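User: I'm new to this structure and would like to learn how to read it. Could you walk me through some features?

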Amino acid sequence: MGVLDEIERMELAIALLRRKARVSIAHHETGVSRSKLRALHRELHGRGASCGQIPAIGGATIQTRTQQVHAGLFAALYERYAGPGMRRQLAIRAVIAAYDLYRLMALPQALLDFNDAWVIARDLRVGTSELRYCAACEVHYLFSSASRLAPTCPFCALYARRGGRTKQRMVLPRTLDGPSSDPADGPPAPAGSHTEPN
């Protein structure tokens, strides 16, 4: 391994640890020794790295509809950065880019940390999680096979919980480059449909 490769691995390790990635994740993604990573973590954060196992199946950690919305936002951003190859391998730099943008969009109510984001990306790769399309509200949401939540759209569930009607398509604001999402522009989509439009 050349000097440049070693420098790139260390730069990636620092980028991960700055985002408070677990040592086990940083080691897996960079190959840098755990002892060196622990020393780097202490230098960056002034305290030792936290211990604990990464969830074997991340969907089980998503306990609420609001968490599901946040997880889906990260997943959609990750899909955008990683592209179609995300199901072949975990793209760590795409995880970093998607996580940084998620934090900007979700602060100050961000519910995911970097380790949560990495687990979601891993689950998308192995197929225990997937992005599904909701025809009622016209967005993609994260479905995880291990989740205890119903396999339905979290946006619709939260909308209904706040008194909104879900019998017809939700009314979304007009866009500058497309048709209105007002139901008057077309027939309402059937409630509970989760197939991608043609």
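Analyst: We'll go through helix packing, a cavity and some backbone details.

Analyst: This is a predicted model, where local features need pLDDT of at least 70, side-chain atom pairs count only at pLDDT 80 or more, and totals for chains, interfaces and linings use all residues. Residues are numbered from 1 along each chain as its sequence is written, and side-chain values use heavy atoms, with hydrogens and water left out.

User: At what angle do helix 1 and helix 5 pack, and how far apart are their axes?

Analyst: In general, two packed helices are described by the angle between their axes and the distance between the axes. Here helix 1 (residues 3-18) packs on helix 5 (residues 92-106) at about 35 degrees, and their axes are 11 Å apart. Helices (H or I, at least four residues) and strands (E, at least two) are DSSP runs, numbered from the N terminus. Axes are lines fitted to C-alpha atoms, for helices over the stretch in contact, with angles from 0 to 180 degrees between N-to-C directions.

User: Which residues of helix 1 and helix 5 meet?

Analyst: From helix 1, Glu8, Leu12, Ala15 and Leu16 meet Ile92, Arg93 and Ile96 of helix 5; contact means heavy atoms within 4.5 Å.

User: Which residues does helix 5 use to meet helix 6?

Analyst: Helix 5 brings Ile92, Val95, Ile96 and Tyr99, and they meet Phe114, Ala117, Trp118 and Ala121 of helix 6. Helix 5 and helix 6 (residues 114-126) pack at about 130 degrees, their axes 10 Å apart. That angle makes helix 5 oblique to helix 6 (angles under 35 degrees are roughly parallel, over 145 roughly antiparallel, 65 to 115 roughly perpendicular, the rest oblique).

User: What lines the largest cavity?

Analyst: A cavity is a set of points, on a 1 Å grid over the protein atoms alone, where a 1.4 Å probe fits but cannot get out, and lining residues have an atom within 4 Å of a point. The lining here is Ile62, Gln68, Leu142, Phe143, Ser144, Ser147, Leu149 and Ala150. Strand 2 (residues 139-144) gives the most to that lining, with 3 residues.

User: Where is the cis peptide bond?

Analyst: Most residues other than glycine have a negative phi, and most peptide bonds are trans. In this model a cis bond joins leucine 107 and proline 108, with omega about 5 degrees. Proline 108 sits in the loop between helix 5 and helix 6.

User: And what is the phi of lysine 20?

Analyst: Lysine 20 has a positive phi of about 65 degrees, although it is not a glycine. You'll find lysine 20 in the loop between helix 1 and helix 2 (23-30).

Methods. 1 Å grid on protein atoms, 1.4 Å probe; cavity = no way out; pocket = protein on both sides within 12 Å on 5 of 7 lines; lining within 4 Å.
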